[in-house]
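Have the sequence and the 3D view open as you read.

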Amino acid sequence: MRVVVMGCGRVGASLSDSLSRIGHDVAVIDRDSTAFHRLSPEFPGERVLGMGFDREVLLRAGIEDAGAFAAVSSGDNSNIISARVARETFGVERVVARIYDAKRAAVYERLGIPTVATVPWTTDRLLNVLTRETETTKWRDPSGNVGVAELPLHEDWVGRRVTDLEAATAGRVAFLIRFGSGLLPDPKTVIQAGDQVYIAAVAGHIAEALAISALPPSEDSEAR
């Protein structure tokens, strides 16, 4: 999916990197060229210099082909204007805006534009809004920093060790449910058909882990 991200601060850069790692085609917009330094050196997407609510800038970012748009700059006004342009002018299906003012956020939610507050799990929530239909995290610690979620495993993970899955997702397999019973895995545990696998991961990486586990193991994980 083509995704346009407006704002390359810490959240925007993290979101852009995560979306790219799970296979999406990403363009990130920022008015400050030095902001792009926050992106990973391996980021394969486009860097577009300009204002995110400017029609010409959005066109250069490929908004006409985008299936999702995220406005995550440091300004509420810029975020909501660009989100409305993406939704109302270009008809982007999935649009989300980062809003600092909680009262404003409630208003824009009523306009049909999902908003995300500045909380520790911002990147996770953004990824879920853009790429998934429902919230999939089953548990979070009180600080919101660690979550547990059930992985939607691709069938090709069957026969692989849980350590391969952990290496690919940057998480920890917390437990399995096998034949209706809970199981605490060890490094030698092999995933079997029908296993329900639950992973623990830090905020900002849970949605990425879910997406990676739904794909076949990569060549890198097969080499381990």
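Buried here means under 20% relative accessible area, exposed over 50%, and partly exposed in between (1.4 Å probe, protein chains only). Helices (H or I, at least four residues) and strands (E, at least two) are DSSP runs, numbered from the N terminus. The model is a predicted one, in which local features need pLDDT of at least 70 and side-chain atom pairs count only at pLDDT 80 or more, while totals for chains, interfaces and linings use all residues. Residues are numbered from 1 along each chain as its sequence is written, and side-chain values use heavy atoms, with hydrogens and water left out.

Start at strand β4, residues 68-71. Ala68 and Ala70 point one way and Phe69 and Ala71 the other, and all of them are buried. In a regular strand the side chains alternate between the two faces of the sheet.

Now look at the neighbours of β4. Two strands pair if DSSP finds at least two bridges between them. Strand β1 (residues 2-6) runs parallel to β4 and is joined to it by four bridges; valine 5 has alanine 70 as its bridge partner in β4. Strand β5 (residues 94-98) also pairs with β4 in the parallel sense, over four bridges, and there alanine 97 is the partner of alanine 71.

How do we get from β4 to β5? Helix α3 (residues 76-89) makes a right-handed β-α-β unit with these two strands: with the strands pointing away from the viewer, the path from the first strand over the helix to the second runs clockwise.
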